[in-house]
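The following report describes selected packing and pairing features of one protein model.

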Amino acid sequence: MESLPADGLRWLHFDLVDRRSRSWIANAAILPPAIRTMLLSEESHAQGIVEGDFVGGIIPDYERDFEQVEPTRVGMLHFGVGPGLLITARRHPLRSADIVRSRFAAGVSVHDAGAALQMQVMAMAEVAMQVLHGLELRAQRAEDGLLDESLSPDIRGLASLRRRTVRLHRMLAGTRTVFHRIEEDEDLPEALRPAVEQIAQRLAALDGDVGAMQARLRLLREEMDIEINQRTNQNLYLLSIMTALMLPPTLITGFFGMNTGGLPGSATHHGTIFAGALIIGSALAVYVVLRAMGFVRR
């Protein structure tokens, strides 16, 4: 393709695993060399450039896995956009591509490259919103479990939740940084500036929601730690009271268990009753003393 139509939009989506796709991009004379290099790049971090009338970038996106309903793995989406042309490429199936395909099937249409780029990135943001919504539901269940005193806090589940939130934040922060840098580039084509500005604003708002989610999880973790410490202290308190109550009976049992002559009650038939009464009495005496000193509480 040496030239583009005077009006309209051409959107090409490539599979970078296919050798023919890579060959087509490498020989596309209409694309600036820097854009071709970025489209074919194997970099795994977000980046973006402005080259002439074209803008190129690599942004993270959730991969589509047939075995998992909830997205977890993150891939990279390569894009190059210019007058009347948008090229997107990936090495693994992406969920945002499914959303774009469904919108086209529903009759949605775009007429310029900026709107097409905005549709693609907003599809990625929609997947991120779905992930964030799922994390919020899990956080709400964790909060409900924390309020229910009969349930133990799920520390492992919360740790997994925090890891996924951090991964989502990194993904959005990288994409947001790319479009923020593109927006500040003086060479950015004016035809693409409105779309880039709207994308940057939407990503900033979504990243703010993820930041709020992270703060919520930190508070939840602090509350869980407090709850665990309280339960641990309560268990230690009960163990300490039981230990204190059992000390005198243990001493008395050890005393009467000595295999020596002249033990009290050894020559009578009521020695066991006497020893048992002494054990119970000593435990009750310790309890009364602890209660009087304020160590025993309800």
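Leaving aside neighbours within four places in sequence, Asp207 is in contact with His169, Leu172, Ala173 and Arg176. The model discussed here is a predicted one. Asp207 lies in helix 6, and Asp207 counts as buried because its relative accessible area is 7%, where the cut-off for buried is under 20%.

Helix 6, which spans residues 193–256, also meets helix 7, residues 271–293: the axes of the two helices come within 9 Å and cross at roughly 150°. Since angles over 145 degrees count as roughly antiparallel, helix 6 and helix 7 are therefore roughly antiparallel to each other. The crossing of helix 6 and helix 7 is right-handed. On the side of helix 6 the contact is made by Ile241, Ala244, Leu245, Pro248, Pro249, Ile252, Thr253 and Phe256, while helix 7 contributes Phe274, Ala275, Leu278, Ile279, Ser282, Ala283, Val286, Tyr287 and Leu290. By residue class, this contact of helix 6 with helix 7 divides into 15 nonpolar and 2 polar residues, with no charged ones.

Strand 5, residues 85–90, is mostly covered, with 6 of its 6 residues buried. In a regular strand the side chains alternate between the two faces of the sheet. In strand 5 both faces are covered, Leu85, Ile87 and Ala89 being buried on one side and Leu86, Thr88 and Arg90 on the other.

| Strands paired | Bridges | Direction |
|---|---|---|
| Strand 1 and strand 5 | 6 bridges | parallel |
| Strand 4 (residues 74–82) and strand 5 | 6 bridges | antiparallel |

Individual bridges can be named for each pairing: Arg10 has Leu85 of strand 5 as its bridge partner, and Val81 has Leu86 of strand 5 as its bridge partner. Strand 4 and strand 5 form a hairpin with 2 residues between the strands, and in this hairpin Gly84 takes a positive phi near 70°.

Within helix 3, residues 95–105, the buried residues are Arg95, Ser96, Ala97, Ile99 and Val100. Just after helix 3, Gly107 takes a positive phi of about 105°.

Conventions: Residues numbered from 1 in each chain as written. Predicted model: local features only at pLDDT ≥ 70, side-chain atom pairs only at ≥ 80, totals over all residues. Heavy atoms only, no water. Axes fitted to C-alpha atoms, helices over the stretch in contact; angles between N-to-C directions. Helix = DSSP H or I, 4+ residues; strand = E, 2+ residues; numbered from the N terminus. Parallel < 35°, antiparallel > 145°, perpendicular 65-115°, else oblique. Left-handed = near helix turned anticlockwise from the far one by under 90°. Contact = heavy atoms within 4.5 Å. Nonpolar A, V, L, I, M, F, W, Y, C, P; charged D, E, K, R; others polar. Buried < 20%, exposed > 50% of the residue type's maximum accessible area, 1.4 Å probe, protein only. Pairing = 2+ DSSP bridges.
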